[in-house]
Amino acid sequence: MTWLEAIDGVNDTAPVKDPREMTFMCGKRVVQQPVVQPAPQQPAPQPAPQPQAKQVPPQVRLLLQGNANFATDSAVLNPVAKESLNHFMSVNQGVNLHRVTVMGYTDNTGSEAHNLKLSQARAAAVVKYLHDGGLHADQFVAQGLGSADPVASNATAEGRLQNRRVDVRVFAE
């Protein structure tokens, strides 16, 4: 234990709130010892480094959520969604992807039949954009799930906004 008052820069001019308090730090106090230089040695020859393939982990999930990605009751991608998908494709460029699964969801407004159709169209639009943009995978799957599996309450506008989403997941080899 080293009393901090004994170290330069810390003194007892600071106001003391309680005389029973003390400030200390645990650990060894460093005492400088003379440095002994070892005799120079010839460095051992190092083998030439072998070039290694760059292993970049794939981005395994992308969540497009809210109205910024699709207009209301539309399956046309907005510029915000395209920007997110472009980044997703650039991160996964050159990665051997086994499967890309895109799941589309809606909130619970509208009929279930309409929501299933809309969520399927949104998932298919994302798959088409990824495929046409050059993302390589052995398999692309688009699945519309309508209002199933909400991530928030459909009782509020904010909750419904979160439930309107497209979830992209990739599985690498």
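The legends below describe several close-up views of one predicted protein model.

In this predicted model, local features need pLDDT of at least 70 and side-chain atom pairs count only at pLDDT 80 or more, while totals for chains, interfaces and linings use all residues. Residues are numbered from 1 along each chain as its sequence is written, and side-chain values use heavy atoms, with hydrogens and water left out.

**View 1. Overall arrangement of the predicted protein.** The protein contains three helices and six strands, where helices (H or I, at least four residues) and strands (E, at least two) are DSSP runs numbered from the N terminus. Read from the N terminus, these elements follow the order β-β-β-α-β-α-β-α-β. Of the 173 residues, 27% are buried, a term that means under 20% relative accessible area, against over 50% for exposed and the range in between for partly exposed (1.4 Å probe, protein chains only). Among contacts (heavy atoms within 4.5 Å) with a separation of 6 or more, 72% are between residues 24 or more positions apart. The accessible surface, from the Shrake-Rupley method with a 1.4 Å probe, amounts to about 12300 Å², and carbon and sulfur atoms contribute 56% of it.

View 2. The average pLDDT, which is the predictor's confidence in each residue from 0 to 100, is 77 for the protein, and 66% of the residues score at least 70. Over residues 1-35 the pLDDT stays under 50, and for this segment the model has 17 contacts beyond four places in sequence.

**View 3. Helix H1 and its buried side.** Helix H1 comprises 13 residues, 79-91, and spans 18 Å from its first C-alpha to its last, close to the 18 Å expected at 1.5 Å a residue, the expected span being 1.5 Å times one less than the number of residues. Ala81, Leu85, Phe88 and Met89 of H1 are buried. These residues lie on the same side of H1 because they cover an arc of only 95° around the axis, the arc being that of the directions from the helix axis to the C-beta atoms. An α-helix has 3.6 residues a turn, so residues three or four places apart point the same way. Pro79 and Glu83, on the other side of H1, are exposed. The packing partners of the buried H1 residues are strand E3 (61-65), helix H2 (112-132) and strand E6 (165-172).

View 4. The structure holds four salt bridges, each a side-chain nitrogen of Lys or Arg within 4 Å of a carboxyl oxygen of Asp or Glu. One of them joins the side chains of Asp167 and Arg61 (2.9 Å, N to O), linking distant parts of the chain, with Asp167 in strand E6 and Arg61 in strand E3, 106 residues apart. Asp167 is buried at a relative accessible area of 3%, whereas Arg61 is partly exposed at 42%. Arg169 also forms a salt bridge with Asp167 (3.0 Å, N to O), and Arg169 is partly exposed, with 31% relative accessibility. Through shared partners, salt bridges join Arg61, Asp167 and Arg169 into one network.

View 5. Asp132 and Lys128 form a salt bridge between their side chains (2.5 Å, N to O). Both residues lie in helix H2, four residues apart, about one turn of the helix, and both Asp132 and Lys128 are exposed.
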